[in-house]
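Morning, everyone. Please bring up the sequence and the model on your screens.

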Amino acid sequence: MHNTSSSSIEFQNVSKNFGSFHALRNVSFDVKEGEIVGFLGPNGAGKTTAMRILSGFFPPTSGRVFVRGIDMSKHPHKAKRAIGYLPETVSLYPDMKVIEYFRFVAKLKGVPAHELNGHIRSKMSFCGLLDSGHRLIGRLSKGYRQRVGLAQVLVADPKVLVLDEPTTGLDPTQIKEIRELIRALGQNRAVILSTHILSEVSMLCSRVMMINQGQILANGTVPELASCLKDREAIHIKIKDKGDQARALKILREIPGVEALKVAEEVRGETFISFETSPERDLRPRIMKLFVEQGISLVEIQRLQLTLEDIFLGLLKDGKLGRRFP
Ligand SMILES: Nc1ncnc2c1ncn2[C@@H]1O[C@H](COP(=O)(O)OP(=O)(O)OP(=O)(O)O)[C@@H](O)[C@H]1O
Ligand SMILES: [Mg+2]
């Protein structure tokens, strides 16, 4: 037996192949009630694929998926009912009025007839759509269509929300509103959302999962991420003469605490070198001394705080960052 009772979403060794292409490789994770988990990854990473599997759109090639303890492969209808899914491209019915669409969705999701009007009204109100009930969906702006999509997710009060890039295409005011809606919804639900926006993750999510090429690279809480940022810094070095590059790298490689050493692009003959290290010791005086002794043309040396972008890019490049990220 599987212990799935405490998880709202559980992926166990899920893989998905499209022909010979591996879109998901052995993905395992879980999401509990009260969590908002951010799914972060570049284009083609597999986010939408994972979310489609979760919504019951198509089955995995192998592995198991549970929604509130319900096995998706054994009880697909029951599992799907527990989920509110906002697809990547919200396909609505352009010739329907907003209110008609909600009646249609509510009936489909089994909302009892006597509750229908009140139920729909509350979802429309929650998403700021009360004045738009009689508009044709096809004539709504993208932002309003996104709201209709989100309100549709809430029909029948699912406890698990799966939101594929919920803020894409919205203006800054709407983004803020939608984020607040999601934050409020996340308090007594399990939410998984995909995004490309790193700052969105720190604003909204309690946990982050980074995915690339169908594999989870990191899975940790935002405090864990923050401590990972706090304990690392980047040193950026600029040298004047490209001919000094090899010797500079040799010196840096031999200094304990220098990690993820790399040469960035050259600009106008100057070479940028960067590495990561712990901020406890300032390595700059030592580096300057060694460079001077060796006659290396150092023009700049800077300490910079590591950003979420650095973590993300570091993970994408090496599949790991130091040893600190969970
Ligand atoms: N039905 C399909 N048939 C074949 N390949 C597919 C299919 N669906 C997705 N893929 C491929 O699987 C990979 C993952 O796609 P997916 O849509 O999950 O990425 P994503 O992380 O959501 O990307 P984005 O950030 O661009 O939305 C891509 O290479 C995509 O081309
Ligand atoms: Mg996608």
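Some ground rules first. This is a predicted model: local features need pLDDT of at least 70, side-chain atom pairs count only at pLDDT 80 or more, and totals for chains, interfaces and linings use all residues. Residues are numbered from 1 along each chain as its sequence is written, while chains are lettered from A and ligands numbered from 1 in the order in which they are written.

Domains. The assignment gives domain 1 (9-227) and domain 2 (233-305). Such bounds come from an automatic or database domain assignment. The two centres, taken over C-alpha atoms, are 45 Å apart.

Now helix α1, residues 47-55. Helices here are DSSP runs of H or I, at least four residues, and strands are runs of E, at least two, numbered from the N terminus. Buried means 20 or more other C-beta atoms within 10 Å of the residue's own; 12 or fewer is exposed, in between is partly exposed, and C-beta atoms are placed from the backbone. Among the buried ones are K47, M51 and L54. Just after α1, G56 has a positive phi of about 85°.

α1 also matters for ligand 1's shell. Near means a C-beta atom, placed from the backbone, within 6 Å. The residues around ligand 1 include F18, F21, N43, K47, T48, T49 and E88. Two elements give two or more residues: β2 (21-31) and α1. α1 gives the most, three.

Next, a helix pair. α3 (residues 98-108) and α4 (residues 116-126) pack at about 115°, axes 10 Å apart. Axes are lines fitted to C-alpha atoms, for helices over the stretch in contact, and angles run from 0 to 180 degrees between N-to-C directions. Which residues meet? F102, R103 and A106 in α3 meet L116, H119, I120, K123 and M124 in α4. Contact means C-beta atoms, placed from the backbone, within 7 Å.

Last, V67, in strand β4 (residues 62-67). Why does V67 count as buried? Because V67 has 28 C-beta neighbours inside 10 Å. Leaving aside neighbours within four places in sequence, V67 contacts I9, M72, A79, A82, I83 and V160. V67 and I311 are 244 residues apart in sequence and 31 Å apart in space, C-alpha to C-alpha.

Key
Two residues are in contact if their C-beta atoms, placed from the backbone, lie within 7 Å.
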